[in-house]
Amino acid sequence: MSSAQIEIQLIAVVVAAACALPGVFLVLRRTAMMSDAISHAILFGIVIAFFVTEDLTSPFLVVAATLTGVLTVSLVELLNRSRLVKEDAAIGLVFPVLFSIGVILVSRYAGDIHLDTDAVLLGELAFAPFDRFELFGYDIGPRSLYLMGGIMLINLAFIIFFFKELKLATFDAGLAAALGFTPWMIHYALMSLVSVTAVGAFNAVGSILVVALMIAPPATAYLITDKLSRMITLSVVIGVISAIAGYWVAHWLDVSIAGSMASLTGIVFLLAFLLAPERGMVAIARRRFRQKWEFAQTMLAIHLFSHEDQPEADRECRFDHMDEHMRWNEDFSEKVVGRAEENDILRREGEYLRLTDHGRDLARTAMIK
Amino acid sequence: MDLGAVFHNLIFDYTLRTVALGSAVLGLVSGSLGTFAVLRRQSLLGDSVSHTALPGIALAFLLTGSKAPLVMIIGAAVAGWGGTLLVISIVRQSRIKMDSALGMILSVFFGFGLVLLTFIQKRPDARQAGLEKFLFGQATALMERDVIVMAILGALVLIIVGLFWKEFKLLSFDREFGSSMGLSMHRAEILLTTILVIAIVIGLQTVGVVLMSAMVVAPAAAARQWTDRLGLMVVLAAIFGAVAGVGGAVISSLTERLPTGPTIVLCISGIVIISMLFAGNRGLFWNRLRRRRSRKKLALEAVLLDMYELARQHGDREHGHPLTTLQAMSFRPGSVSHTLQVLEEKGWVLVNSAGEWSLSADGYKAAEKQAAAMEAKR
């Protein structure tokens, strides 16, 4: 591995971690689409700030883009509160306007500046190591590594210091307000962090893929765990793994690194969606399958139990009666009886089915339930 | 440039005519279909569909090597449709909510689209040039054959809306009722989603994936302000969309280096803002005016009733009362003196040389009527 490769991966890892941290709360608070709106709208702030500073890595850009992000959130809230449109439409109205103004400004002055919308939207991680950060004349590494590292630490610090507030405002906003916390302040603080992170990351991965890194790893973690702190850790780990794997896939196929990282986060989500221990599709299907047989066996046990030692027992407790009583076909009945025998619920005596003591207990407890 | 010249160009300038026609078709179709998306609170589905279309466009090119409009549209539609189905099934099968599913699918598909685009660009042949125009749209590259394809597909979509009007209406407002009438709401939903996808992909080439979502949401949001009827809302949204499309095309043709897509979006956003402020029933401007009027009327009635009460208690209508008394009785003391002036202009109250106020005969009658009306309401 060359030093440039190591640096690219380091940046990718830091970007992924920085995005996953606020992303957890976006997913839990059902405001994931705000990240999409913010990441588009900040183009406006970036362009304005760029006109002033003419430097794509100026800290002023971060400030301007963050303000644009907050502006986006406030405009959405304003529209939403006017009750003229619903929240989803409000989001869909606000960001295209800011984005359009951004695109128009860029193309009006395209000849004079070195900024094009492709770069903002798509990003190019491979170029990141070329922009060096120098301190006292010494080269101490790529600039975006320091920028994103700083943003990651800010996000981490915010979550650690305001963990209680975040948790409360996320899961029970009403209680948070009643206890004297201000959920709307947490909301705006979080949205500011999303804006800062998006603007920091747009250089490296572009503004649309920021959304993938913010939403997909936390959504994946949400399928795996129920504990907030574990979800945060897991999101970061999943983001980092997707970033590194994405880099190598991109390297191998010679394609866009950012696109490949985003694709990987999607693949990891798909894996979790299918294979997660309790909530995965496979686990759910297996549980349903097991429940189907358990239910059939219990039904059979209850049926036998209620007719046992009754005058009609001769007729009711026969194998071929199940077709009439349970509407089971012979094949299914055969399987249920076979499984029930295996589980020591009943015994076959010729055509007759007799409950064991264990089977009687099962029927009794099932009926009490 | 004067209006005459604009019209002349609209008809005789090939590029402008094509772009304007294309944008009109796009606005018309996405506006009418967007109505259903907005009413069903799925405004952001447009955003998701347009982003997820990108890998479809790239794959269609990879598989066929062709950039024919129909090939691109089919590729985009298949991917957009697949992405939407994924969103729906993720929401239905897991605890992931709609917003997360939308955001994730749109960005992951977009990322995958980028991977494919960069893969295509690395290939030696030069035919691939121009696929990126789908990102931001390149209306000026529209050709007559593109517009014809757009118009045919758009007409198809609108015919389907007409044929399944009843189902789509039920789906938007009362799904359960629709099911109970024996209509398959699930099938109607899939059909509606499918034609929404078609409506979105035919606009991609003109305004691009990023801004296409605005063309779905904005015309419908504007139309919603003017009417409470679905039929009228669809028609208005279609008109707004088409007007913004043509307007954006013309404005960007008049100015150098003004991209068409964003200009169209700003036009439709302008229509939204005007609608929100000035639309008949819901407009913020009229609303505020109405509220101010009713507040004034209430203040007037309150002071009148207070004076009526005083007159009755004293058994003497002409007995004057100082301003401070009336202010003490009012819940908004600051407005009392202004209200008294208004009442005096109407000839309902009189003021004596000591600055004390009393009801006139007319005012007493009006107050009596007012009090009786309030009694009746109770």
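Biologist: How many other C-beta atoms lie within 10 Å of A:Arg30?

Modeller: A:Arg30 has 14 other C-beta atoms within 10 Å, so it counts as partly exposed. A residue is buried with 20 or more such neighbours, exposed with 12 or fewer, and partly exposed in between, the C-beta atoms being placed from the backbone. Please note that the model is predicted: local features need pLDDT of at least 70 and side-chain atom pairs pLDDT 80 or more, while totals for chains, interfaces and linings use all residues. Residues are numbered from 1 along each chain as its sequence is written, and chains are lettered from A and ligands numbered from 1 in the order in which they are written.

Biologist: Where is A:Arg30 found?

Modeller: A:Arg30 belongs to the loop that joins helix 1 (3-28) to helix 2 (32-53) in chain A. Helices (H or I, at least four residues) and strands (E, at least two) are DSSP runs numbered from the N terminus. The phi of A:Arg30 is positive, near 60°, although the residue is not glycine.

Biologist: Staying with helix 2 of chain B, how many of its residues are buried?

Modeller: Of its 26 residues, 23 are buried, so helix 2 of chain B is largely enclosed by the rest of the structure. From first to last C-alpha the helix reaches 37 Å, close to the expected 38 Å; the expected span is 1.5 Å times one less than the number of residues.

Biologist: Where is the kink in helix 2 of chain B centred?

Modeller: The kink, about 25°, is centred on B:Leu33. The bend at a residue is the angle between axes fitted to the seven residues ending there and the seven starting there.

Biologist: And where does helix 9 of chain A bend?

Modeller: Helix 9 of chain A bends by about 25° at A:Val199. Its 23 residues (183-205) should span 33 Å, and the end C-alpha atoms are 31 Å apart, which agrees. A:Gly206, with a positive phi near 85°, follows helix 9 of chain A.

Biologist: Changing topic, what is the radius of gyration of chain A?

Modeller: Chain A has 30 Å, whereas a compact globule of 369 residues would be near 21 Å. The radius is taken over C-alpha atoms, and the globule rule is 2.2 Å times the number of residues to the power 0.38. Along the principal axes, the C-alpha atoms of chain A fill a box of roughly 100 × 55 × 35 Å.

Biologist: Which domains does the assignment give for chain A?

Modeller: The assignment, which is automatic or from a database, gives domain 1 (3-278) and domain 2 (282-368). Their C-alpha centres lie 56 Å apart. Chain A holds 17 helices and four strands, and 47% of its residues count as buried.

Biologist: How many residues does each chain bring to the contact?

Modeller: Chain B brings 49 residues and chain A brings 53, a contact being two C-beta atoms, placed from the backbone, within 7 Å. Helix 5 of chain B gives the most to the side of chain B that touches chain A, with 14 residues.
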